[in-house]
Amino acid sequence: MKTTLFIWKKWNAWVRGTVKVTAAVALTLLGLSTAGAQSVQPIYSFPQSPAMPFAGLVQGPDGNFYGTTFEGGVNGEGTVFKVMTNGVTTTLYSFSPPIGSAGTYMTNSDGAQPEAGLALGPNGNFYGTTWNGGSNSEGTVFEITTNGALTTLVTFTGTNGAHPEAGLLLGPDGNFYGTTSQGGTNGNGTVFKMTANGGLTQFHSFSALIDDDVSGGVTNSDGAEPYAGLALGTNGNFYGAAISGGLGGSGTLFEVTSNGAWTNLYSFTAENYNDSGVGEPDTNSDGADPTGSLALGPDGNLYGTTHGGGKSGSGTVFKVTPNGVREINTIYTFSAGRLIFGGSSEIYTNSDGALPYAGLTLGTNGNFYGATAAGGRTGNGTVFEITTAGTLTSLVTLTNANGSDPAGTLALGSDGNFYGTTGQGGSGGNGTVFQVMESGAFTTLVNFAENYGAFPDAGLALAPNGNFYGTTYGGGTDDLGTVFEITTNGVLTTLVNFAGTNGAKPEAALIPGPNGNFYGTSYFGGTDNVGTVFEVSTNGALTTLASFGGTNGWEPIGSLALGPNGNFYGTTAAGGENGEGTVFEITTNGILSTLYSFTGGNDGASPQAGLTLGTNGIFYGTCGFGGADEWGTVFEVTTNGVLTPLHSFTDSSDGANPFAALTLGLNGNFYGTTAGDEDTTYGNVFEMTPAGALTNLYSFTDGYDSGSPDAALTLGPDGNFYGTTFANYTGGSSVGGTVFEVASNDTFATLVSFAGANGENSKGSLVLGPDGNFYGTTANGGAENLGVIYRLNLPPEIIQPPASQSAATGAQVTLSVTLFGTAPYSFQWLSNSIPIVGATNSTLAIPDFAAGDAAGYSVMVSNAWGGATSAMASVTTVPAPMISTITVSGGGNVTLNCQGQANVTSRLWATTNLAIQADWTPIFTNSVTSPSGAWQFTDTNGLNQQKYYRISTP
């Protein structure tokens with residue numbers, strides 16, 4: 001038997017990759033080696049609710065309805081929204097704020113105040129118009145996806161049209177057709193065609209108006225101010241209406257082909273002044289001011305409404321044949337009404353509705369359905385059904401509580417029901433979305449309130465899905481607060497609107513339960529209106545677990561804490577046997593037990609924070625008041641209600657009025673804050689042992705550091721504590737509060753000052769998000785001063801530098817760092833402080849380590865807010881393993897004596913044919929433990945084969 005000694009450095013014998021080092025490298029990292037420039041970035045500013053949905057809805061391919069509001073949204077300039085058939089509403093887009101304004105007109109980037117509904121395009125996106133805004137303050141045409149991505153396609157300039165009141169119509173050729181109420185050659189409006197990418201062609205510019213001495217109005221040949229959109233006839237031509245002008249000055253009907261050929265169809269007759277005191281003052285035979293789009297009937301005729309005129313002055317429903325016959329057939333005239341004066345408003349009432357602003361919608365039964373903007377018994381408008389022969393049935397009389405002034409055309413849903421909007425009324429006063437069946441059964445789906453939510457006093461809670469869940473103290477449909485979900489990129493969904501019976505005015509943050517739901521408290525509401533404990537699922541299903549009242553406590557302000565037994569523990573700020581607050585336990589099925597009632601003495605009074613579980617299984621908490629000096633206490637309480645006061649604050653170096661919960665540190669001690677008396681003391685940060693020994697870490701001055709830290713501290717990944725202050729009280733620079741950091745060595749730093757636009761008055765704790773950033777809330781500030789949700793942008797902090805290591809020649813070496821801060825980062829690796837060309841990834845890999853690669857390695861990391869350089873890691877060379885001797889026994893066994901490096905893994909390989917490299921087979925892997933690095937392996941070679949051996953790492 002022939003045995004060959006064969007030693008290779010490494011199994012991979014191909015060319016080694018090298019690390020090139022040069023001193024001539026230009027660094028392009030932002031903020032490198034600069035001090036941190038922290039900031040808060042609002043990801044959501046609590047807006048006004050969408051308000052005044054003047055237009056009708058359109059059903060999307062997903063079965064949901066989409067619409068616009070004239071006002072509301074983040075900037076108050078209108079929204080695009082989605083509403084499900086169960087009433088769940090999502091704001092998809094809020095139009096941007098004004099850049100400049102002149103009277104009622106404003107300029108901005110994307111348009112404002114959409115009055116019209118949307119049109120579904122062949123690509124599944126929606127197309128719409130805004131009445132105001134755009135770079136010329138004349139309105140826009142836009143495209144928007146179902147997830148809210150908006151593209152401005154056309155900015156009206158005046159000459160090509162201005163202020164579109166109507167939406168678009170998708171033609172059979174894939175182009176959109178529409179009207180503008182103003183602009184064009186004479187300023188009286190236009191008709192246009194637009195391609196899907198925004199190419200606009202003007203078909204018609206309405207002619208100039210002249211004063212008519214006979215009618216007393218202004219007239220022309222073709223009409224003026226087309227408020228209505230276009231309708232497609234069976235002949236492929238488009239039909240529309242103008243609300244004024246024409247031969248009688250009362251509006252016109254017109255026809256236009258897809259190539260722009262124009263025909264005047266009909267001019268409504270002049271109106272006569274009516275001074276009877278009943279109804280509108282102006283009457284005529286055929287109606288006036290057609291504001292709604294025409295609708296194609298089952299007989300091929302077009303049907304429409306006039307907002308005024310007719311024999312009663314309350315408007316009409318008419319039929320017109322699309323074959324050029326210059327007359328219409330009035331099939332219904334709404335009855336005369338009476339004006340009722342109530343305070344500063346007028347109510348126009350009658351029996352069947354009046355002043356139909358919207359067009360008609362054809363139902364599945366061949367009848368038309370529509371709405372009147374006024375009239376009916378309450379004067380708030382009606383919903384009606386009318387046959388093609390003119391038989392009208394009033395289905396719904398609006399009451400203001402369920403909506404008022406419907407101006408949009410009804411939408412026929414795939415379920416056979418009709419969906420519509422009211423521009424005003426509802427419980428929030430800003431309009432509604434409703435459903436009405438052919439039978440007249442009416443359901444209000446959405447009440448547009450003053451806002452979605454307002455004043456998020458509490459911090460956020462992170463869910464396993466990576467989204468945050470929180471509460472607002474105000475806002476919602478009843479202005480009693482909300483529960484919301486928000487993504488890290490700022491998409492907010494309101495899950496719960498508190499209504500009083502199910503809770504009201506929540507001040508505490510939610511906490512996740514073991515079942516994936518969240519648990520929280522509301523300050524008011526419930527059976528006795530003094531607070532509740534509730535459970536809420538991530539899809540918004542809320543269950544009231546308990547209502548406070550009497551001796552079991554009142555007004556819980558703090559968050560719940562999960563106990564080791566699976567029950568929740570919390571405090572109430574008032575109530576109990578002595579009226580000074582309680583500690584309570586509650587099970588997940590709502591069994592509430594009062595564990596302790598505060599006396600207002602040495603034990604404290606009015607605990608406004610939740611409890612914190614210590615490592616010993618005991619809860620620790622604070623009272624904002626009471627104690628030996630009436631400035632509050634720290635206490636411990638067992639799960640069976642045994643309470644022990646640990647510290648009474650004195651309003652000196654130890655602080656006063658601790659309103660926040662304690663935070664457990666890595667060392668087992670607790671860290672907390674006091675708010676101060678706001679006169680001579682402004683709060684502090686302290687450390688306290690479980691036995692009650694308290695150390696002051698920092699005292700606020702009410703200067704640049706602000707004051708009144710009302711929220712609990714948050715332990716960061718770097719071992720430092722992060723917190724917020726509420727406000728400055730004596731005129732310092734940070735009147736809106738701050739975000740601060742207290743390092744493990746007690747060093748204090750103010751990171752960010754709130755200044756209104758980026759938030760104001762933070763009362764909630766920070767929470768670490770799934771992306772490694774801190775997120776928080778402010779109770780006020782933002783675009784509407786209703787509070788914001790923000791991300792804390794921090795410069796990179798290297799909390800774990802690259803590790804020193806030894807590597808054998810040929811091994812792969814990987815270096816990395818652990819960071820805390822705000823991504824994205826830029827990286828530049830260095831060898832012996834010299835930048836490595838191309839080494840700009842988050843890790844540095846040396847694929848085939850050689851003796852020349854031994855060096856000190858570090859990395860410079862930067863982001864938009866600063867930079868940091870890591871400590872240097874020493875990478876040294878480990879001698880390559882070798883086969884020192886080989887001994888062959890008489891039975892064919894081969895003993896290999898190997899020499900390696902202690903604690904370095906080596907691997908033996910064998911082959912029977914050197915010519916075929918693929919035949920190398922690993923036969924043994926060994927992690928050397930001997931300090932000398934020597935080890936031995938015997939290969940049993942019973943077949944007496946010729947073998948070759950080699951050794952590698954690993």
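Reader: Leaving aside neighbours within four places in sequence, which residues is Val-813 in contact with?

Author: Those are Gln-805, Ala-807, Leu-844, Ala-845, Ile-846, Phe-849 and Val-875. Contact means heavy atoms within 4.5 Å. This is a predicted model, where local features need pLDDT of at least 70, side-chain atom pairs count only at pLDDT 80 or more, and totals for chains, interfaces and linings use all residues. Residues are numbered from 1 along each chain as its sequence is written, and side-chain values use heavy atoms, with hydrogens and water left out.

Reader: Which residues touch the most other members of the largest nonpolar core?

Author: Val-813, Leu-815, Trp-829, Leu-844 and Tyr-857, out of 18 residues. A nonpolar core is a set of buried (under 20% relative accessible area, 1.4 Å probe, protein chains only) Ala, Val, Leu, Ile, Met, Phe, Trp, Tyr and Cys residues joined through side-chain atoms within 4.5 Å.

Reader: And which strand gives the largest share of this core?

Author: Strand 75, with four residues. Strands are DSSP runs of E, at least two residues, numbered from the N terminus.

Reader: New topic. Is Ile-591 buried or exposed?

Author: Exposed (over 50%), because its relative accessible area is 51%. Ile-591 sits in the loop between strand 51 (582-586) and strand 52 (592-597).

Reader: What does Ile-591 touch, not counting residues up to four places away in sequence?

Author: Glu-585 and Ile-586.

Reader: Last one: how many bridges join strand 16 to strand 17?

Author: Five, between residues 176-180 and residues 190-194, running antiparallel. Thr-180 has Thr-190 as its bridge partner in strand 17.

Key:
Two strands pair if DSSP finds at least two bridges between them.
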